[in-house]
Amino acid sequence: MDVEVIFKEIESLRENMVDTLVELIKVPAVSPDSGGEGEYDKAQKLLEIIKDWPFDKVEVYNAPDERAKNGVRPNILAYYYGEQGEKSPRLWILTHLDVVPPGDLSKWTVTKPFEPVVKDGKVYGRGSEDNGQSLVASLYAVRALMNLGIRPKRTVILAFVSDEETGSKYGLEWLMKEHPELFRKNDLVLVPDGGNEEGTFIEIAEKSILWMKIKVKGKQVHASMPGLGLNAHRVAIDYAKALDDLLHEKYNARDELFDPPESTFEPTMGENPSDAPNIAPGEHEVVFDCRVLPQYNLDDILNDAQELAEKVREKYKKEINGEVLPKIEIEVLQRLDAPAPTPKDSEIVKLLQKAIKEFRGKEPKIGGIGGGTFAAYFRRLGIPAVVWATLDETAHQPNEYAKIDNMVEDAKIMAALALL
């Protein structure tokens, strides 16, 4: 098979790809967890776009969520069979429909978040790079094969799923729980939701993720009479500093597979109800984002956090109106225990390495990341998965954009993976 013919067809679809990305960006798909209606409208737009495409099968799996529009979070699977029909080996390409909220609108200087513009070889708008660029690339990798009447070596399953940005409870995690029959141990999986500007980084491993919210309760009091209450802000600061020091000292191993090579423990959010400089608050919250090397157990970290809470309680212990204070509660906002990495010699890794070398003339690099992706869910099932894309890394930022050349060139690699 002359891949250059396919690559030329993909190039001819460049304008179609841009138009499709623009149409998808126009439809907000913010999770109810972030104040949006969910992905229903965007899923309908996508289904409308591909309704006349010769996919062999298109299935919609609606995860129930009463908070979302029409009470569902849609997940779409579109199949294009390989040369052996349903018996062909299978390649999954997974992208997500949802996007993060726009953030501070005053910082969007090129365009409004959901009013995309094409400028200087880029498409600007919320969700353009994360994950619209790869979603459209995967669509048109298959469209080129369809246009040429080519059946690839592998059946391509394009998965467009919900809820990636806020935990996958209504997306891939739900699909795997409710429809395990969809997944096979010998599947190959590409998650184009991470990478670098050169398109050379292949992610095969992820750190564990733990988000902890520490909630401290004291007793509000006027700042001029601190002895009459218990300043929750002071207790929380003391605890957060002690926890930060403890975690960095105890869990200090390095693994050069990852960048950065060590576990990270970052206090990210703080909040208390005090609305005046002369009020010592009776409540305070602080959140830690922990990205932990797979060799460590998250239960040990949680146990250490609890033991430290007991020590801080004793340090500040005080009875006020019959109540023993402070109270320190640790809430787990998110927990993802890292699975074993995808083996470096697995078929999907070798195929992607070959494609990058052969068709881009670049040397790929294999490594791990601190973020969480769909790949982890497959690795837990023992299905090898890689994360790869060519990205300028503008995701979640104001003036987010997708570089059109990246979208087109990544579509070529995706098509090649189906053929090799």
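Predicted model: local features only at pLDDT ≥ 70, side-chain atom pairs only at ≥ 80, totals over all residues.
Guide: Residues are numbered from 1 along each chain as its sequence is written, and side-chain values use heavy atoms, with hydrogens and water left out.

Visitor: Why is Asn131 called buried?

Guide: Buried means under 20% relative accessible area, exposed means over 50%, and partly exposed lies in between (1.4 Å probe, protein chains only). Asn131 has a relative accessible area of 2%, so the residue counts as buried. Asn131 belongs to helix α4 (residues 128-147); helices (H or I, at least four residues) and strands (E, at least two) are DSSP runs, numbered from the N terminus.

Visitor: Which residues does Asn131 touch, not counting residues up to four places away in sequence?

Guide: Asn131 touches Leu94, Thr95, His96, Pro192 and Asp193 under that exclusion, where contact means heavy atoms within 4.5 Å.

Visitor: What makes Phe7 and Phe359 an edge-to-face pair?

Guide: Rings of Phe, Tyr and Trp (its six-membered ring) pair if their centres lie within 6.5 Å; planes under 30 degrees apart count as stacked, over 60 as edge-to-face and the rest as tilted. The structure holds nine aromatic pairs. In one of them, Phe7 and Phe359 are 5.3 Å centre to centre with 85° between the planes, and the pair is edge-to-face. The pair links distant parts of the chain, with Phe7 in helix α1 (residues 3-12) and Phe359 in helix α8 (residues 347-360), 352 residues apart. Phe7 is buried, at a relative accessible area of 7%.

Visitor: How are the rings of Tyr124 and Tyr401 arranged?

Guide: The ring centres of Tyr124 and Tyr401 are 5.5 Å apart and the planes stand at 55°, so this pair is tilted. Tyr124 is in strand β5 (residues 122-124) and Tyr401 in strand β19 (residues 401-403), so the pair ties together parts that are 277 residues apart in sequence. Both Tyr124 and Tyr401 are buried.

Visitor: What sits over the ring of Trp53?

Guide: The charged end of Arg143 sits over the ring of Trp53, 4.8 Å from its centre. The term applies if NZ of Lys or CZ of Arg is within 6 Å of the ring centre and within 35 degrees of the ring normal. Trp53 also belongs to a cluster with Phe55 and Tyr140, linked by ring pairs.

Visitor: What makes Glu310 and Arg313 a salt bridge?

Guide: A salt bridge is a side-chain nitrogen of Lys or Arg within 4 Å of a carboxyl oxygen of Asp or Glu. The closest N and O atoms of Glu310 and Arg313 are 2.5 Å apart, and the two residues form a salt bridge. Both lie in helix α7 (residues 298-316), three residues apart, about one turn of the helix. Glu310 counts as partly exposed at 45% relative accessibility, whereas Arg313 is buried, at 18%.

Visitor: Where do Asp392 and Lys403, another salt bridge, lie?

Guide: Asp392 and Lys403 meet through their side chains at 3.5 Å, N to O. Asp392 lies in the loop between β18 (385-387) and β19, and Lys403 in strand β19, so the pair ties together parts that are 11 residues apart in sequence. Asp392 counts as buried at 13% relative accessibility, while Lys403 is partly exposed at 29%.
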